[in-house]
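Let's take a friendly walk through a protein model. Keep the 3D view open and turn it around as you read.

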Amino acid sequence: MNSRTSSVPVAVAAALASPARLEAVGATLPAYAGPDADFTDIADLAAGLFSAPIALVTLIGDTTQWFLARKGLSEVGTSAADSFCARLLTEGGAPVVVPDATADPRFAGLPNVTGAPFVRFYAGAAIIHAGQPIGSVCVLDVAPRAGASDEALLHLQQLAKLAGSLLLLKEEARRRALANAAIAREEQRHAEALDAANVGSWLWDIRTGTVVGNAPLLRMLDIKRGDGLTARRMFQAIHATDRSATIDKLRNALETGGEYDGMFRAGSSGRWLLGRGRVHEWDADGKPHMFLGVTLDVTEGQIASERMRLLLRELNHRVKNTLAMLQSLARQTLRQTKDPEAFMEAFAGRLQSISEAHGLLSDQEWGTIRLTALLQAQLRPVVDDFERQVEIHKDEVQLRPDQSIGLGLVLHELATNARRFGALSVPGGKLVITARVLEEDGQSVLHMTWHEKGGPPVEPPQRRGFGLILIERSLDKVLGSDVHLEFLPSGLTAIIRLPLDQA
């Protein structure tokens, strides 16, 4: 149609620009406001009803009239101000019939009357939404007519109502599609998040026994995708030892409507899994219908927890042994030392020796400690210049707790004795320590020699004090070990033998 601008009456202009009307138009305006095959039949019915060469289904905006369907025209829209249907907006929803546009001053000056296609006859019914006229179903003819029957106008109004209903249905379908697409995107995002976090999710249809599970769940249970996952298949994938308890917990959750929370192992891998879930839907009889759950791989946490329990048991065992050792040390030290101050000095030193060994073992979670670390911990506190006064030749070995505590006490007593009476009591004195690992009858044995030189002349003691007894007996708990002392004039020598492969 010719879109030449014409004079627009004030009432028509106001109707076109009405905010309420434009809001109603916006509520039904499709994403593409143009020809839509779903409205073609309405245009064809209108044309057949009036035997008219031109028929339209339109939406009318503030400046544009869009043709949702057209018969007898090739255009897809026109200027709203220059259209017959814009005048329809001022009629309060009543149909409009124009027998001869050239004889009607409201339409005589419209571009499509004065120019091609030279419209003469027009009949239109408004499409109403929310009480506002938003478009039209209309017929046009290039020849004038006497008018239109009431029956024909009634049918035209019915077609307009049908067009309005179709607009609403299509808009509702579009909104549903957008909402479903948003839901699908959100579900996809959740699925990707669960996959990235290695969280298994599953939905169990209790009536059919089928289960929908994501990729992490299938990986955890070592189930191939496409195998047809069922509740029975899931239960079979649980370690036989844990299966019955897991099923009982699920059954309890189904019966009570409470939470399911259970730990079990996967049958194929032995990895620890934590399952949680609850009834998601009930049927009309109040019976559980759908069960929703998640599964987490908690193997690392379970290993850490078990390791902590083992460490606590080991620590409890060691503490009991240490307390017994401390009681014995206190009694023996008190027998040999009547002076309280001397007792405290001797006992505190031995207590510190045990504490150093415990500290090293604790750092290693009560596993093993290196011989180097033990030598450093026991000798440095009593040596003024470690690099000059201590010479060490050794093979590096790992010592178990009993070996570490016993050898630590031996080294402490030897070092204390050297500090008071031996090589470390004079500026030029020196310790030479040699530690080598030898094979004896298929067993690794540590041979350590402690030799003092440059100290005062040594004479064998007249009586064996507790310090010497402690040196000789501190390794009694390590089977096959022994300590031999030689009081050579040049310096005290201690020969230590310590089996290493003992369980």
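## What you're looking at

This is a predicted model, where local features need pLDDT of at least 70, side-chain atom pairs count only at pLDDT 80 or more, and totals for chains, interfaces and linings use all residues. Residues are numbered from 1 along each chain as its sequence is written, and side-chain values use heavy atoms, with hydrogens and water left out.

## Salt bridges

Side chains of opposite charge can pair when their charged atoms come close. Here, a salt bridge means a side-chain nitrogen of Lys or Arg within 4 Å of a carboxyl oxygen of Asp or Glu. How many salt bridges does that rule give? The count is 22. Some of them join up: Asp 36, Asp 38 and Lys 170 are linked in a network of salt bridges.

Now zoom in on a few pairs. To say how hidden a residue is, we use relative accessible area: buried is under 20%, exposed is over 50%, and partly exposed is in between (1.4 Å probe, protein chains only). Asp 141 and Arg 145 form a salt bridge, with their closest N and O atoms 3.0 Å apart. Asp 141 counts as buried at 11% relative accessibility, while Arg 145 is partly exposed at 23%.

Next come Arg 174 and Glu 171, whose salt bridge has its closest N and O atoms 2.6 Å apart. Both sit in helix H6 (residues 150–196), and because they are three residues apart there, about one helical turn separates them. By the way, helices (H or I, at least four residues) and strands (E, at least two) are DSSP runs, numbered from the N terminus. Is Glu 171 buried or exposed? Glu 171 is buried, at 5% relative accessibility, whereas Arg 174 is partly exposed at 31%.

Arg 278 and Glu 259 also meet in a salt bridge, at 2.1 Å from N to O. Arg 278 lies in strand S10 (residues 272–282) and Glu 259 in the loop between helix H9 (240–256) and strand S9 (260–265), so this pair ties together parts that are 19 residues apart in sequence. Arg 278 is partly exposed, with a relative accessible area of 47%, and Glu 259 is partly exposed too, at 48%.

## A space inside

A cavity is a set of points, on a 1 Å grid over the protein atoms alone, where a 1.4 Å probe fits but cannot get out; its lining residues have an atom within 4 Å of a point. Grid points are joined across faces, edges and corners, and the volume is the space filled by probe spheres set on the points. The structure has three cavities of 30 Å³ or more, and the largest cavity holds about 80 Å³ of space.

Which residues line the largest cavity? Among them are Trp 202, Met 234, Phe 235, Leu 250, Phe 264 and Thr 295. Helix H8 (231–236), H9 and S9 each supply at least two residues of this lining. By class, the lining has eight nonpolar, two polar and no charged residues. For that sorting, Ala, Val, Leu, Ile, Met, Phe, Trp, Tyr, Cys and Pro count as nonpolar, Asp, Glu, Lys and Arg as charged, and the others, Gly among them, as polar.

## The five-stranded sheet

Strands of a sheet pair through backbone hydrogen bonds, either parallel or antiparallel. Two strands count as paired if DSSP finds at least two bridges between them. Five strands form an open sheet in the order S13-S15-S16-S18-S17, with mixed pairing. At its edges are strand S13 (390–394) and strand S17 (482–488), each pairing on one side only.

S13 and strand S15 (residues 430–440) pair in the parallel sense over five bridges, and Val 390 stands opposite Leu 431 in S15. S15 then pairs with strand S16 (residues 443–453) in the antiparallel sense, over 11 bridges. In the hairpin of S15 and S16, two residues sit between the strands, and Asp 441 takes a positive phi near 55°.

## The six-stranded sheet

Six strands form another open sheet, ordered S3-S2-S1-S6-S5-S4, and the pairing is antiparallel. The edge strands are strand S3 (77–79) and strand S4 (96–98), each pairing on one side only. Strand S2 (residues 64–71) pairs with S3 over three bridges, where Gln 65 stands opposite Thr 78 in S3.

Note on methods: 1 Å grid on protein atoms, 1.4 Å probe; cavity = no way out; pocket = protein on both sides within 12 Å on 5 of 7 lines; lining within 4 Å.
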